[in-house]
Amino acid sequence: MLTSVDPDLIRALADPLRLRIVTLLARETLCTTHLVEETGAKQTNLSNHLKILRDAGVVDTEPCGRFTYYKLRPEVLAGLSAQFAALAESARTAVENKRACP
């Protein structure tokens, strides 16, 4: 069954810096300090982007002493991938469907 793609999740991943963060977190769990080093972004800017990713359910946090580690939630990305796969399948089967103009 075809489901709609979550627009909030798409918006969360649409920003280039957030997509870079997701790509980095796909490789390993990182703290904010690591992400600042890897991206070159300012800590406050990075924290704002991480909040958006947390609110969208893309990342989880893990406190560790005075640091906060971030890890990717792969099931969220897998769900998004499945939604896009369903859209692609629908497009394949609907290629011959053409609504007549009035």
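In what order do the 3 strands of the open sheet lie, and is their pairing parallel or antiparallel? In this predicted model, the strands of the open sheet follow the order E1-E3-E2, and their pairing is antiparallel.

- Between E1 and E3 the pairing runs in the antiparallel sense over 2 bridges, and Leu 30 stands opposite Tyr 70 in E3.
- Pro 63 has its place in strand E2, and this proline is exposed, with a relative accessible area of 67%.
- Between Pro 63 and Thr 44 there are 18 Å in space, taken from C-alpha to C-alpha, while in sequence the two are 19 residues apart.

**Helix H4**

- Helix H4 consists of 13 residues, 43-55, which at 1.5 Å a residue should span 18 Å, and this agrees with the 18 Å that separate its end C-alpha atoms.
- Which residues of H4 are buried? They are Leu 46, His 49, Leu 50 and Leu 53.
- When one looks down the axis of H4, these buried residues fall within an arc of 100°, so they line one face of the helix.
- Thr 44 and Asp 55, by contrast, lie on the other side of H4 and are exposed.
- Just after H4 comes Gly 57, which takes a positive phi of about 85°.

**The nonpolar core**

- In soluble globular proteins, nonpolar side chains tend to be buried together.
- The largest nonpolar core in this model has 21 residues, and those with the most contacts inside it are Ile 21, Leu 25, Leu 35, Leu 53 and Val 58.
- At least two residues of this core are supplied by each of H1, H2, H4, E3 and helix H5 (74-93), and the largest share, 5 residues, comes from H2.
- Leu 53, which is one of the buried residues of H4, touches Ala 12, Leu 13, Arg 18, Ile 21, Val 22, Val 58 and Val 59, when residues up to four places away in sequence are not counted.

**The cysteines**

- How many disulfides does the structure hold? It holds 0 disulfides, and Cys 31 has as its nearest cysteine sulfur that of Cys 64, at 8.9 Å.

**Thr 32**

- Thr 32 is found in helix H3, and at 14% relative accessibility it counts as buried, because the cut-off for a buried residue is under 20%.
- Leaving aside neighbours within four places in sequence, Thr 32 is in contact with Gln 43, Leu 46, Ser 47, Leu 50, Thr 68 and Tyr 70.
- Among these contacts of Thr 32 are Leu 46 and Leu 50, which also belong to the buried residues of H4.

How values were computed:
Residues numbered from 1 in each chain as written. Predicted model: local features only at pLDDT ≥ 70, side-chain atom pairs only at ≥ 80, totals over all residues. Heavy atoms only, no water. Helix = DSSP H or I, 4+ residues; strand = E, 2+ residues; numbered from the N terminus. Expected span 1.5 Å × (residues − 1). Buried < 20%, exposed > 50% of the residue type's maximum accessible area, 1.4 Å probe, protein only. Arc of directions from axis to C-beta. Core = buried A, V, L, I, M, F, W, Y, C linked by side-chain atoms within 4.5 Å. Contact = heavy atoms within 4.5 Å. Disulfide = S-S within 2.5 Å. Pairing = 2+ DSSP bridges.
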